[in-house]
Amino acid sequence: MTESPRRTDAMRTGEVKHMKWWGWGVEGVGFHHEDKPGFAPFVQKAVGLDLLAAERTERPDFSQLKVPDSTAPEEFVTVLSGIVGAENAVVDDMSRVVHTYGKSLRDLVRIRAGEIERTPDVVVYPADEAEVQGVVDAAVAANAVIIPFGGGSNIAGSLEPHADESRVVVSLDLGRLNRVLGIDTDSGLARIQAGALGPDLEAQLNRDGWTMGHFPDSFTHSTLGGWVATRSSGMQSDKYGDIADIAKGLRVVRAGGILVIRAVPSASTGPSVREMVVGSEGRLGVITEVTVQVHRLPEKRAIYAYFFKNLDHGLAAMQEIAESDAAPSVTRISDANETGFSLATSKESKGIQKKAQAGLMAYLKKRGWNLDEMCLSFIGFEGGEAHAKRQKSIVDRIVRKHHGIGVGKGPGALYDQKKFDTPYIRDFLLDCGAAGDVSETAGPWSKLRGIHAAAYEAADRAYEKIGRKGWIMSHLSHSYHSGACLYFTFAFVFGDDPLGEYDTVKRAIQQAFIDAGGTISHHHGVGLEHAPWLEEDISAQGVAVMSGLFDAADPGGNFNPRKIVV
């Protein structure tokens, strides 16, 4: 067992990283289309928005926000200050606004419009588990509400206080608990504090030659505790597993004590309490530490690009790959609409590269391909040199069998480099008065094509209903032996009722998932956003069991109440 060096000075509140209050990511970083000549024409065709003529909204002015006053009694704030230090129990407007919402499109529309009905009353930054316990005990004794906060990237409404909540609301920010505490090198198990952001924990693991292998889209701005609380999946989950597979042990602070799940390979100890915590969105307590499975950094890592004639050929290939002896780290295929989008967001090719691309398109046309139906796929391989080579040879044979063609590592390397930048495009469209959002589901292989078609049909009907020109596209993002995840992106230009129009489209797509045999969410969680469909997904008895769990474990309703199950 090796221990990572411990910091002798606790991280100060001011060192905790937060995204900008009005959008995704950090100040000074954003999406630009000027160097992508195909993007503006694509957006014009897809949703009827002329980017060259569109008027961009100005950055919101924080001074114009009407922030509700904190209702936290001075005595209560004093108690919290005694636990975490006065500088780590704050009630200023900026801190409370930053901790009010996640980063869903609904959240961003409201915050930009200055719609803030309820904020946390006090934000606390504990330095360790003992301070978390102190805060939890004090809050429960005062009958306050506790909402755990990691990176703030949630897009399912899991963070916001209910507008009618009359009790004091405490946002418990885990940002100071950000260390890898130790690595059991014999077992490949690492103890990591729950507030560690993706880049920080990977940097600490990489220094000792390890990786967790979990890379969700939100990786740069989300935390380990948040991943566990929402049942996250990463881009390389095909190899490393979802967070439910990776998280082996847990420490969860509850009123009066700590729920401890030891990291054992497997256990027959009744219904899995570990599984109850994973995906619980803070309703069972505050996750402070997770013991995760880690792996040695791979000797070789590469992502290759492939084209398929159409989605049917591509899905068949993905299914056969999942059933084969190959074990890729990434299996992803975009449908025709998303393939067109991906090509439109590419920078302009020049010289030899431009000629090569033109030659490839000409070759595919000669083979009888309809380029408007073509689908782009990325497949990743990791491990020792011989292992990765063998995996790729298996995959290449399957791709050829399904009339696909490999186009090398160049596009894959670009995808790998830009994979965490997509949310910035959503903010760019929002600046131009357009919605761009996502919904994801999972289903058996036998139902995937039907789910895909149903979502498209539902979106088209919704666009017709709101009278807007709209767009939808999709990709398969995670493969399993029995099925896969389909990840949809939809977009349209707002009319006079942005959130009403958004709700019409979002609801239509979510209902299509259920009606076609999919689930309401593969990895974004439930929160408030997907709760209306929970009973249709897991049955009335399933909701009853879940409600019973939450009510028994938290009889006072102090832990993030009315999330998942209202």
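Mentor: pLDDT is the predictor's confidence in each residue, on a scale from 0 to 100. The protein chain here has a mean pLDDT of 93, and 96% of its residues reach 70 or more.

Trainee: Over which residues does pLDDT stay under 50?

Mentor: Over residues 1-10. For that stretch the model has 20 contacts beyond four places in sequence, a contact being heavy atoms within 4.5 Å. This is a predicted model, in which local features need pLDDT of at least 70 and side-chain atom pairs count only at pLDDT 80 or more, while totals for chains, interfaces and linings use all residues. Residues are numbered from 1 along each chain as its sequence is written, and side-chain values use heavy atoms, with hydrogens and water left out.

Trainee: How is a sheet read, and what is the strand order in the open sheet of five strands?

Mentor: Strands of a sheet pair through backbone hydrogen bonds, either parallel or antiparallel. Strands (E, at least two residues) and helices (H or I, at least four) are DSSP runs numbered from the N terminus, and two strands pair if DSSP finds at least two bridges between them. The order in this open sheet is 5-6-10-8-9, with antiparallel pairing. Strand 5 (180-184) and strand 9 (257-261) are the edge strands, each pairing on one side only. On average, neighbouring strands of the sheet are turned by 15° against each other, direction ignored. Axes are lines fitted to C-alpha atoms, for helices over the stretch in contact, and angles run from 0 to 180 degrees between N-to-C directions.

Trainee: What joins strand 5 to strand 6?

Mentor: Four bridges, and the two strands run antiparallel, strand 6 being residues 189-193.

Trainee: How many residues of strand 14 are buried?

Mentor: In a regular strand the side chains alternate between the two faces of the sheet. Strand 14 (residues 375-383) has nine of its nine residues buried, so it is largely enclosed by the rest of the structure. C375, S377, I379, F381 and G383 are buried on one side, and L376, F378, G380 and E382 on the other.

Trainee: Which strands pair with strand 14?

Mentor: Strand 12 (residues 300-308) is joined to strand 14 by nine bridges and runs antiparallel to it; F378 in strand 14 is the bridge partner of A305. Strand 13 (residues 330-334) pairs with strand 14 over four bridges, again in the antiparallel sense. There, I333 stands opposite S377.

Trainee: What should I look for in helix 20?

Mentor: An α-helix has 3.6 residues a turn, so residues three or four places apart point the same way. Helix 20 (residues 540-553) has 14 residues and spans 20 Å from first C-alpha to last, close to the 20 Å expected at 1.5 Å a residue; the expected span is 1.5 Å times one less than the number of residues. Its buried residues are G542, V543, S547, F550 and A553. They cover an arc of only 145° around the axis, which puts them on the same side of helix 20. That arc is taken from the directions from the helix axis to the C-beta atoms. The buried residues pack against strand 8 (247-254) and helix 19 (534-538). Exposed residues Q541, V545, D551 and A552 lie on the face turned away from the buried side.

Trainee: Where does L250 lie, and what does it touch?

Mentor: L250 lies in strand 8 and is buried, with a relative accessible area of 1%. Leaving out residues up to four places away in sequence, L250 touches V228, L259, V260, I261, R274, V277, E289 and V290. L250 and I192 are 58 residues apart along the chain, and their C-alpha atoms are separated by 9.8 Å.

Trainee: Is D416 buried or partly exposed?

Mentor: D416, found in helix 15 (residues 410-418), is partly exposed, with a relative accessible area of 21%. Apart from neighbours within four places in sequence, D416 is in contact with R301 and I303.

How values were computed: Buried < 20%, exposed > 50% of the residue type's maximum accessible area, 1.4 Å probe, protein only.
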